Structures are given as C-alpha cells and as structure tokens.
Amino acid sequence: MHKISPSSAFIGQNRVFIETVSSTNEIAKEINRENDLDNGFLIWSAYQQAGRGRDDRTWFGDAGKNLLASFVLKPFQLRSDHLPMLNFACTLAALETVQTFLPQSEVKIKWPNDIMANDKKIAGILIENQINAGMVTSCIFGIGINVNQPTFPNSLPHATSILKQTGTEIRIEDVLEHICHRLEERMDQLQQMNYTLLHSQVNHLLYGKNQEVEFSQGTARSKGVIEGISTNGELEIRQGETIYRHLQGDIKLNVYGVNS
Ligand code: BTN
C-alpha cells in the first residue's frame, strides 16, 4: 500500500482528463495559447496517438497503462538563464515520485532528464518553454511514467515500468497525486531561488557519475568519465586533465550500453 500524498495547493488543482489525445504536451500548449491557463494546470490522458519524446522521438505506451501528463508552469519572475533550475525541479519531482513506488530500487537521473530504475528507463520528460524578453512566461512540463506497462517492444530493450520492477499493479491516479505534491515542493524551492539545493541534489542522483562512459558527437566516438551536471545543465565529462561541457543534443551518451 502506498500512502496518498496530501493534496497540493496549486499544482494539478485545475485539471482536465482526456481519454485519448495526440500528445498531452501539444494539447496543453494549444489550450494555454487560447486561454492563458493558471500556473499548475494539468492535462492528463490514458492514451496518446502521437506521444512525443525529446529529439523528435515518439513516446510509446499501451492505452490506460501509464501516466501521461503535462503541467503548465508559470514561474514568477524566472529569468531564462535560470531555466536549468526549472528543469532540475521537474526532474527531481519525477524521480521522487518513481522512488516512492519503488522503495527498494536505485532510481537515478540520466542526463539530461531520463529517470532510470535499476539501470532501465522508467520515465521520460519533455519540457517546452516560452520565453519573452529574457523571462520565462510559461513552461509545459510533460512527463510519461511507465506504470502498469507489462511488456515493451524489442526496439526498447532498456525500458521498464513500475509493474515490471515490483510485479504489482498500482493506480495511475496515485502516481499522479504524488507528482503533483512533489512538483509543488520543488517549484517552491525554485521560487525561493534555492538553486544550490536543486543543483546539488541532481548531481547527487546522477546516473553514471564518476563512471567511464562512451559518447558520440556526430560520427566521432569518445570515452570519458562523468563529472557531473553544471549549473547551466551541461554534462561535464573528464578526458584526462580536461573537462568538456556538453549541451543537450550536442552528444549521445551511452552509459553501460543504455543510449540517451
Ligand atoms: C523522452 O524521454 O524522450 C521524453 C518523453 C516524454 C513523454 C511525455 S508523455 C506526456 C507528455 N506528452 C508528450 O507527448 N510527451 C510527454
């Protein structure tokens, strides 16, 4: 049994459930454009016909088996150069949610923001921001958590779900309430500019930290040791005496054979 979190004050208070959508991120952006939604507005769904991942990938899942949600976040006076902190806040909220349901597992953040459980990807995050005059005006935080997905196609050998890890089905609504609560706590820390905490916790929970990894840049392949994530959200890799900083999209990371 999992304890249901106390309800959040603003994250997920206003919400819409749509049984089938193209993509919750797309719908959230569309409704937000037309209605200027409140901070914390939530759109969630049982099935996405065109679920989107990072780098133009698709997001897979059987109908009614997984958490598919997009939160409209409108942080107060957040400068665009502090966007990595918003990313850290969302990623930590996602990790904590997964960890609650997998108390025995090692749950980590694989740069830039995949959530891994026992070396397999259990959740993915797609954040899309709107910026005006150097300030973040709104952000769509899309999160997919594999909850009761029993199997994955052969093309996704490194994917897992809460069901696969524990053998037990859980209510998707419980996972949703947890993430609302966790996200609210993390957004509070962001608004209080508790950047040191967010940054250090992300680094503490980083997958592959201090390990030798392989990565590719275009066609070139290299090896190095993961040092951490910078305050700008770059991945820091040491090669000999030199530390290289990589932005998302810049490199493809391969930690223990798991590609980003
Ligand atoms: C990734 O790992 O590449 C990111 C996956 C993000 C998937 C979620 S599911 C809910 C929301 N709607 C989408 O279309 N994508 C995100």
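What follows is a set of questions and answers on this predicted model.

User: What percentage of the ligand's accessible area does the protein cover?
Analyst: Arg54 places a backbone N or O atom 2.7 Å from a ligand oxygen. On its own, the ligand has 410 Å² of accessible area.

User: Which element gives the most residues to the shell around the ligand?
Analyst: Two or more shell residues come from each of α1 (24-35), β3 (67-73), β6 (120-132) and β7 (135-145). With 4 residues, the element that gives the most is β6.

User: How many residues of the shell around the ligand are charged?
Analyst: The shell divides by class into 10 polar residues and 6 nonpolar ones, plus a charged group. The number of charged residues is 5.

User: Which side chain is joined to that of Lys121 by a polar contact of 3.0 Å?
Analyst: Lys121 belongs to strand β6 and is one of the residues closest to the ligand. Beyond four places in sequence, Lys121 is in contact with Trp59, Asp114, Ile115, Met116, Asn146, His158, Ala159 and Thr160. The partner in the 3.0 Å side-chain polar contact is Asp114.

User: Which strand gives the largest share of the lining of the largest cavity?
Analyst: The structure has 1 cavity of 30 Å³ or more, and the largest cavity holds about 50 Å³ of space. Its lining is made up of Ala46, Tyr47, Gln48, Trp59, Phe60, Gly61, Asp62, Asn66 and Leu68, which divide into 5 nonpolar, 3 polar and 1 charged. The largest share, 3 residues, comes from strand β2 (residues 41-48).

User: How many nonpolar residues are in the lining of the second largest pocket?
Analyst: The second largest pocket has about 440 Å³ of space. Of its 20 lining residues, Pro84, Asn87, Asn113, Asn129 and Gln248 lie nearest the centre, and the elements giving two or more residues are α2 (83-101) and β6. By class the lining has 3 charged and 6 polar residues, while the nonpolar residues number 11.

User: Is the peptide bond from Trp111 to Pro112 cis or trans?
Analyst: Pro112 sits in the loop between β4 (107-110) and β5 (114-117). The omega angle of the bond from Trp111 to Pro112 is near 5 degrees. The bond is cis.

User: Where does Asp36 lie?
Analyst: Asp36 is not a glycine, yet has a positive phi of about 50 degrees. Its place in the chain is the loop between α1 and β2.

Methods: Residues numbered from 1 in each chain as written. Predicted model: local features only at pLDDT ≥ 70, side-chain atom pairs only at ≥ 80, totals over all residues. Heavy atoms only, no water. Near = heavy atom within 4 Å. Polar contact = N/O pair within 3.5 Å; in protein donor to acceptor, adjacent residues only side chain to side chain. Areas by Shrake-Rupley, 256 points an atom, 1.4 Å probe, with all protein chains shown as cover. Nonpolar A, V, L, I, M, F, W, Y, C, P; charged D, E, K, R; others polar. Contact = heavy atoms within 4.5 Å. 1 Å grid on protein atoms, 1.4 Å probe; cavity = no way out; pocket = protein on both sides within 12 Å on 5 of 7 lines; lining within 4 Å. Points joined across faces, edges and corners; volume = space filled by probe spheres on them.
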